[in-house]
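Please have the viewer ready and follow along topic by topic.

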Amino acid sequence: MFSCFKGLNAFLYQIGLGLVLLAIALNASSDVLHLGNDGEPSTLDPHRYNLRLEETLLNDLFMGLTTFTAAGQIAPGAAESWTQSEDGKTWTFKLRTDGRWSDGEPVTASDFVYSMRRLLTPSTAASLAYFLYMIENAEAINRGELPPEALGVTAEDPLTLRIRLAYPYPYLLERLLYPTAFPVPRHVIERVGKAWTKAEHWVSNGAYKLAEWRPQAYVEMVANPFFHAPAPIKTVRHHALASEQSGYNRFRSGELAAIPSFPASELTNMQQDRPKELRLAPLLSIMYLVFNTQKPPFHDPRVRKALGLVIQQQTITQRVLRNGSQPSLSITPSLIRDYQPVPLPHADLSQANRVGKARDLLAQAGYNQDHPLRVTLKHVNSLEGKKINLAIAAMWRQLGVETTLAQSELRAHFADLRQGSFEVAWAGWVGENNPEHYLSLLRSDIGNVNYGRYRNSAFDDRMAAARRQADATSRGELLRQAEQIMVADYPVVPLYMLASRRLVNASLQGWQDNVRNMHQSRYLFWSDAP
Amino acid sequence: MAFQRNRATQPRLQALGLPMTLLCVILGAALLAPWASDWGLQDIDWEAIQAPPSSSHWFGTDMVGRDLFTRTMAGARTSILVALIATSISLLIGILWGATAGYAGGRIDLLMMRVVDLLYGLPFILIVILLVVLFGRQPYLLFASLGAIFWLDTARIVRGQALRLRQADFVQAARCQGYRHTYIIVHHLLPNMRGPLLVCTTLTLPAIMLAESFISFLGLGIAEPNTSWGTLIADGTQSMEAAPWMLFFPGTLLIGCIWCCNTVGDRLQNQVSEGSHSLGKSHLRTPTR
Amino acid sequence: MMMAVTLLAIITLVFGMLRLAPGGPFDGERDLPPEIEANLKAAYHLDEPIVSQYFRYLGNLIQGDLGPSFRHQDFRVNELIAAGLPTSALLGTLSLLLALSLGLSLGVFGGMNPGSTLDNALMGFANLSIAAPTIITAPLMVLVFSIFLSWFPAGGDGGLMHYILPSMALALPFAGAIARLVRAGVIECRLEPYIVTARAKGLPERRIVYRHILPIAILPVLSFLGPMAAALLTGSIVIEQVFDLPGIGRYFVQAALNRDYTLVMGMVLVYSTLIVLFNFLVDLAYAWLDPRLKGA
């Protein structure tokens with residue numbers, strides 16, 4: 001029996017060795033870049049996408065009017081130049097003369113007109129259609145009140161595209177980076193319909209085109225021969241990872257050249273063992289606590305302020321999370337370009353002062369040891385959510401506050417938030433490089449993404465005034481005034497900014513960390529000397 | 001009461017030895033832990049977040065700095081409680097179904113056992129997952145749905161026993177005396193299948209513990225701040241390289257507990273089947289993994 | 001007939017559960033304006049009454065169409081299952097074979113030499129493997145065999161080599177259970193008069209084991225196979241997640257969380273059909289192997 005096992009073991013070992021050698025041989029001969037992606041994409045239709053992991057794929061497959069460099073800066077994409085009218089409401093884009101679809105057809109301005117109309121047509125059912133609501137008539141078209149032809153996007157000639165906006169929007173170039181503004185191949189969609197996202201019909205205008213899509217396994221792309229700047233790496237396989245742990249394992253066993261994240265608990269190990277491969281970069285985002293301002297006792301600013309005072313952002317990021325996140329005392333991330341965020345009013349107070357002040361505020365609001373404040377804190381059922389909320393509950397306990405933790409799945413959590421069925425909840429926003437994107441979450445007319453139903457007319461007025469400003473600087477000044485008014489009310493307590501925590505093979509060149517945490521494969525190439 | 005107890009079907013507890021002792025130790029520790037530890041279930045030690053075992057934290061701490069000994073023992077209480085409640089539910093349904101089928105015999109028996117065979121073929125754990133996902137992670141839902149899966153084996157065993165016993169003299173005698181069927185089942189049949197039932201229980205307990213850990217691994221188990229072995233193990237596997245103690249302690253205890261239950265079950269079964277061969281060996285639990 | 005009834009029952013049960021549960025397929029992380037949500041619902045016929053949705057589903061099912069997936073918008077459920085089933089089937093078959101071969105050899109060996117040191121060690125191993133849940137063993141195996149020793153790939157599907165570790169992890173507890181069943185069967189069989197007779201006739205030991213002992217000792221294993229197949233399928237949910245295998249098991253929990261109605265239904269349907277079918281095959285095998293059942 002034993003000898004039999006020995007034999008089996010040796011046999012398996014030989015098979016294993018043989019296959020490993022075979023795999024090495026295959027790897028050497030085929031120039032395939034294996035990348036890890038956060039999961040399985042829902043769709044490769046840029047107008048129906050909804051997730052960041054899809055954005056990664058779509059950025060390789062398509063080219064919008066604008067694009068971004070390896071470092072994350074806005075750069076010309078399918079358009080080589082653009083101009084803006086005096087009032088900031090009309091933009092004119094000049095398309096590249098050598099823009100081509102992957103079947104060789106030229107990319108024209110009318111392709112963009114078709115695509116933007118398609119995005120906003122109700123029957124497309126694009127869940128992110130509102131990304132382009134600043135375009136004239138866009139919202140009405142999406143509601144079905146106007147025909148798609150009424151959209152303020154026109155082709156002046158085959159290479160000139162004009163976009164008219166409903167109101168000045170200085171961040172348009174950035175908004176056009178999102179796949180919602182990508183062109184789709186009209187000539188294919190009109191021929192094959194919904195099946196255009198299948199590999200056999202695939203046509204796109206980016207650096208790569210779809211070669212194979214094996215659900216739950218990978219999306220394989222090959223270089224688009226007609227793209228104006230051919231990509232150095234000809235084949236890229238984006239593997240759909242089941243979990244952070246499995247991606248981490250597959251990176252370490254050499255099967256993947258880069259992974260989007262790894263378990264936070266391994267960060268210290270990676271900083272010591274693989275400093276060259278670790279890519280830890282701040283991410284444009286804000287994680288915060290939101291109070292339901294409609295629900296007593298959280299309609300009382302004193303209660304909100306007391307709870308906000310004792311939260312130690314620094315402790316949360318450095319002791320509890322330890323995943324590279326940066327503490328934030330403002331709802332607008334400090335990473336935003338050309339803007340000075342307004343921190344919470346208590347930012348300068350010492351810890352002891354804060355606790356004393358918080359006790360006083362709670363006492364004024366009628367809470368003490370005999371009549372303790374009871375809070376239900378909602379969080380997402382994830383390791384990170386769990387950690388933060390346990391820590392916050394412990395911080396509130398020093399005020400005598402009794403916290404009940406309620407956790408639910410991501411979907412259920414945000415559904416509850418939108419419906420306002422919560423007391424205090426953890427929320428987050430990964431967004432654009434402008435303050436308005438974050439402050440708008442607190443506008444009373446923004447709808448149910450203002451989860452806590454915060455309403456302050458002085459704040460709303462400043463926000464509305466900012467929207468009318470075409471000039472980015474004066475717009476920023478108004479936004480700052482609005483933020484100043486808002487922070488005094490404590491409708492939210494900012495907690496921290498996320499960090500992207502990637503591992504990238506040291507021989508893979510061209511990879512630059514950026515605040516968008518987005519990386520296009522066309523910038524990557526292998527170096528011979530690692 | 002005109003029946004004799006079959007001595008061989010009465011288990012001899014003293015022969016169970018080591019595994020039984022271990023089980024008692026685990027159970028005792030779980031129950032006494034709240035007095036043995038200085039830390040509460042939710043207390044955070046800010047100075048020792050994800051710290052290895054030490055004199056102040058015997059099992060180390062978890063990812064937010066909570067004492068792992070306290071939590072592992074609390075997890076033990078939950079896991080054992082879930083297993084006990086779910087087992088009771090499965091026994092209740094199984095006994096009712098099996099005894100009725102076996103005692104009634106004939107066509108009713110055939111039909112009832114056909115239903116059992118049919119249900120055997122269904123992916124019940126999927127239904128449990130669905131229930132927990134769709135209707136939230138309430139503990140009672142977990143108890144009830146796990147109990148509702150595992151009654152099938154019990155029903156088969158009880159039915160076999162009942163078939164045998166209904167021919168026995170004392171049952172026939174009771175029938176002649178005009179006792180009601182329910183009375184006969186409760187007072188004559190059940191006491192005489194105590195041995196097989198005990199075996200069945202000791203084998204259902206670990207199966208349910210395994211099922212609970214499986215569901216917890218998928219992130220669908222007991223919710224914070226309460227915990228169970230499955231939940232602790234799920235957390236442990238997520239940081240098993242940086243903090244192996246988070247997996248080691250709850251993992252060892254779960255495996256140990258299941259091993260003990262299985263061994264006790266086996267030994268009981270050997271004792272029981274020395275006396276009656278009808279029990280057979282069919283009731284090896286389906287591992288749910 | 002019985003199979004069809006079982007399947008219809010489970011379809012109805014799961015359909016009802018899905019629709020009664022709170023939440024819907026379009027509760028995304030980001031906000032969805034009501035008009036867009038209405039568009040989406042109409043596109044998937046979710047605006048119709050539940051009863052007509054149910055019959056629409058059954059009608060399509062009879063034509064072999066499991067409907068479009070809500071989450072995987074570019075695929076129909078049929079396509080997803082067709083893409084994932086080979087992976088899951090390979091994993092399941094390999095595990096089954098491993099569990100059987102390992103279990104049988106350990107069991108026969110133990111049963112032929114009961115009480116020996118090796119027998120005790122093997123049974124100790126078998127008991128341990130039964131007690132150790134795959135949620136512990138599978139991640140540990142990756143760590144040891146893929147990361148530390150680099151013998152096997154850590155995950156994903158890239159050929160047979162990627163399946164060895166996962167099927168080992170999945171098969172281990174079943175191998176332990178089978179080993180114990182076979183051992184008990186062999187021990188009981190060994191002293192039967194006809195075996196003693198065979199031995200007295202001077203038949204070689206090998207022949208006695210293969211011809212006379214195994215066919216009888218394997219019977220309890222057969223009745224264990226049905227439930228085992230079901231457990232293998234569900235076990236693959238964890239294994240596919242740990243090893244990043246693109247099988248259908250990975251869909252199940254995610255689909256339920258995402259309220260992907262059609263995909264959940266498809267999954268349950270595939271699993272139930274497989275289990276029912278497998279049990280049927282086991283019954284056939286049973287009748288074939290055990291002559292005593294032939295008359296009955």
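A salt bridge here is a side-chain nitrogen of Lys or Arg within 4 Å of a carboxyl oxygen of Asp or Glu. By that rule, the structure holds 31 salt bridges over all chains. This is a predicted model, in which local features need pLDDT of at least 70 and side-chain atom pairs count only at pLDDT 80 or more, while totals for chains, interfaces and linings use all residues; side-chain values use heavy atoms, leaving out hydrogens and water. Residues are numbered from 1 along each chain as its sequence is written, and chains are lettered from A and ligands numbered from 1 in the order in which they are written.

**Salt bridges to look at**

- Asp244(C) pairs with Arg250(C) in a salt bridge, with the closest N and O atoms 3.6 Å apart.
- Buried means under 20% relative accessible area, exposed over 50%, and partly exposed in between, using a 1.4 Å probe and protein chains only.
- Asp244(C) counts as buried because its relative accessibility is 2%, and Arg250(C) counts as buried because its value is 11%.
- Arg250(A), Glu255(A), Asp244(C) and Arg250(C) are linked in a network of salt bridges.
- Glu156(A) forms a salt bridge with Arg162(A), where the closest N and O atoms are 3.6 Å apart.
- Glu156(A) is partly exposed because its relative accessibility is 40%, and Arg162(A) is partly exposed because its value is 30%.

**Where chain B meets chain A**

- The contact (heavy atoms within 4.5 Å) takes 22 residues from chain B and 23 residues from chain A.
- The area buried between chain B and chain A is about 1,900 Å², and carbon and sulfur atoms give 52% of it; buried area is the accessible area (1.4 Å probe) that two parts lose on being put together, summed over both.
- Trp46(B), Glu224(B) and Glu241(B) supply 30% of the area that chain B buries against chain A, more than any other three residues.
- Three salt bridges are found across the interface of chain B and chain A.
- Arg319(A) forms a salt bridge with Glu47(B), the closest N and O atoms being 3.8 Å apart.
- The side chains of Lys386(A) and Asp235(B) also meet in a salt bridge, at 3.1 Å from N to O.
- That pair crosses between chains, from helix H12 (residues 383-397) of chain A to helix H10 (residues 229-238) of chain B, and both Lys386(A) and Asp235(B) are buried.

**A covered helix in chain C**

- Helices (H or I, at least four residues) and strands (E, at least two) are DSSP runs, numbered from the N terminus.
- Helix H11 (residues 249-257) of chain C is mostly covered, with eight of its nine residues buried.
- Among the buried residues of H11(C) are Arg250(C), Tyr251(C) and Phe252(C).
- The cover over these buried residues includes helix H13 (410-419) of chain A, helix H4 (124-135) of chain B and helix H12 (261-289) of chain C.
- Arg259(C) follows H11(C) and has a positive phi, near 55°.

**A sheet in chain A**

- Six strands of chain A form an open sheet with mixed pairing, in the order E14-E18-E13-E17-E15-E16; two strands pair if DSSP finds at least two bridges between them.
- Strand E14 (326-327) and strand E16 (402-408) of chain A are the edge strands, and each pairs on one side only.
- Strand E15 (residues 374-380) and strand E17 (residues 424-430) of chain A run parallel and are joined by two bridges.
- Lys378(A) stands opposite Ala425(A) in E17(A).
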